[in-house]
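Please have a look at it before I go on.

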Amino acid sequence: MDGPLQHVLFALGSGSLVGCTLGLIGGGGSILATPLLMYAVGMRDVHTAIGTGALAVSANAYLNLAGHAAKGHVWWRCALIFAAAGALGAYLGSSLGKLVDGQKLLFMFGLLMMFVSFAMRKTRTAPDVTAHSLTMAVHGKTTAIALLTGMFSGFFGIGGGFLIVPALLLATGMPLINAVGTSLMAVGTFGLTTAANYATSGLVDWATAGYFITGGIGGGIVGTIAATRLADRRNTLATIFRGVIFAVSLYVLWRSYIAL
């Protein structure tokens, strides 16, 4: 198989996996995208992989948002608040992230992923909470958490779903399936903000991003269907979420440690 064809096929396949993950758990897109772009597709520069992955994940997140919205999983007020407040944090964080050595950035990224996978074990949903029962105080808390989450998202060049879903659970106590659907607006917005910042520095591979997005369309449909079927099995969905984060964190830490 020649090089260019192999590049396209790996980009399409990687995009499909990322789209499926976004549809299933509302996050994990970028924590998979950056390693896949580097270790499967073959990108050599960490920052270009981050910028390209952020753009592809942003597009796939918005596409998956439509699927979850059609099934009633999105709490729109929370989605808009989180996206707006977090976008500012994402811009500030991505500006700082471009100044940090790429391999050190990946190593810190892996540590953060591992921390979140353990922290998620203590996160609980409130069975009686609804989109209409949230108070102004809760929305204020959501805004503050969104700003901080956006900064981490931008700094590490990720859509931030694996941070946004736990953050939404922490701020509101909403059911996990709603956190998954609601998170996708913020994932798309954070990723787009980060990608735009990286693009100004020429750190986006547009062709590869296009292949990634194309592959993600089919994967997103599969992931959204699976998430809907698992909606009533909260422990299963949460276990999948934590397992994906933990497994990828080990791989990223291993690869980045070798490169340091």
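Let me start with disulfides: taking a disulfide as a pair of cysteine sulfur atoms within 2.5 Å, the count comes to zero. This is a predicted model, in which local features need pLDDT of at least 70 and side-chain atom pairs count only at pLDDT 80 or more, while totals for chains, interfaces and linings use all residues. Residues are numbered from 1 along each chain as its sequence is written, and side-chain values use heavy atoms, with hydrogens and water left out.

On accessibility, buried means under 20% relative accessible area, exposed over 50% and partly exposed in between, with a 1.4 Å probe and protein chains only. C20 counts as partly exposed because its relative accessibility is 25%, whereas C78, at 1%, counts as buried.

Now the histidine: H68 lies in helix α3, residues 46-70, where helices are DSSP runs of H or I with at least four residues, numbered from the N terminus. H68 has 0% relative accessibility and therefore counts as buried. Leaving aside neighbours within four places in sequence, H68 is in contact, meaning heavy atoms within 4.5 Å, with residues including G23, H73, I177 and T224. With H73 there is also a side-chain to side-chain polar contact at 2.9 Å, that is, a pair of N or O atoms within 3.5 Å, of which, within protein, one must be able to donate a hydrogen and the other to accept it, and residues adjacent in sequence count only if both atoms are side-chain atoms.

Key
Helix = DSSP H or I, 4+ residues; strand = E, 2+ residues; numbered from the N terminus.
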